[in-house]
Amino acid sequence: MNDATDITRLPEGYRPPPKVRSFTFSDVIAAAGKGMADFRKAPAMSLMFGAIYALGGIAVLLTATLLEMPWISYPLATGFVLLGPFAAVGLYEISRRLEAGEPLVVKDVLLVIYDQRSREIGFMSFVVLFFFIMWMYQIRLLLALFLGFEPIDTFAGFLHTVFTTGPGLMFLVVGHVVGAVLSLILFSISVISFPILLDREVDFITAMVTSVQTVVKNPVAMLGWAFIVVCLLLVATLPMFIGMVVVLPILGHATWHLYRLAVEPAEEVEITA
């Protein structure tokens, strides 16, 4: 028998890697609709997680102001948005419980989140944090390259410089191009990684590979979803992150159902002697 199909040679506890499905943009919209339905079923708990994330964003902006660095508020706010997938872990658990018909108890959901500290989600969180750090460093580098000789003391001065000077406009163009590339990479490796890690016993590398496979196999549908996410996040961050109270829960629940759409159910492999 071929070694590739001989299950007697598989190690005990072996689980086959996740299998990615093909789907259309209309399927993505249907998954988003299921996410909206989850939000309606558990509005209070969903809004709680959205409020926690929004408060974190407000704290970040206030910190920049207190440090007398208001000019960095925009790149800092956009970078903070990259942490959204990690912040939505509690929302994935809510959707998982609703799907399984399990009771929704705040304490139990929080305990599940707490238990992730010793699982692969912790490693995936470091990946997201690494991208956030890269985001901030590339902003500092571009500021030094294009605006290093421009006096910027206030946020109004920063806006005047970037919109009315040659170096400022170059900073905007290059910064947004680099930021778009980083965001696309992070989106590809994380869009369904966290739901997979919450739902299955796989390592974070497998989760990232599966997430990238989902984007590569369904580029039109996934890029369409990415466009929707970016638009909603931009609208949500404008009023001092207040919009995140509602937008993050909706996107979090929708992402769970996107994961269910994209990945086939886990298969159990029987190991025989």
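The model on screen is predicted. S211 sits in helix α11.

Now show what surrounds S211. Setting aside neighbours within four places in sequence, S211 is in contact with F187, S188, I189, S190, V191, I192 and S193.

Next, turn to the aromatic rings. How many aromatic pairs does a search of the whole structure find? The search gives three. Two of these stops follow.

Select F123 and F204. Their ring centres are 5.6 Å apart and their planes meet at 20°, so the pair is stacked; the cut-off for stacked is under 30 degrees. Colour the helices next. F123 belongs to helix α7 (residues 120-147) and F204 to helix α11 (residues 204-217), so this pair ties together parts that are 81 residues apart in sequence. Helix α11 is also where S211 lies. Is F123 buried or partly exposed? F123 counts as partly exposed, because its relative accessibility is 46%.

Move on to W256 and Y259. Here the ring centres are 5.3 Å apart and the planes stand at 65°, so the pair is edge-to-face; that label needs an angle over 60 degrees. Which helix holds W256 and Y259? Both are in helix α13 (residues 244-262), and because they are three residues apart there, about one helical turn separates them.

Finish with accessibility at this pair. W256 counts as buried, because its relative accessibility is 0%. Y259 is also at 0% relative accessibility, so Y259 counts as buried.

Note on methods:
Residues numbered from 1 in each chain as written. Predicted model: local features only at pLDDT ≥ 70, side-chain atom pairs only at ≥ 80, totals over all residues. Heavy atoms only, no water. Phe/Tyr/Trp six-rings, centres within 6.5 Å; stacked < 30°, edge-to-face > 60°. Helix = DSSP H or I, 4+ residues; strand = E, 2+ residues; numbered from the N terminus. Buried < 20%, exposed > 50% of the residue type's maximum accessible area, 1.4 Å probe, protein only. Contact = heavy atoms within 4.5 Å.
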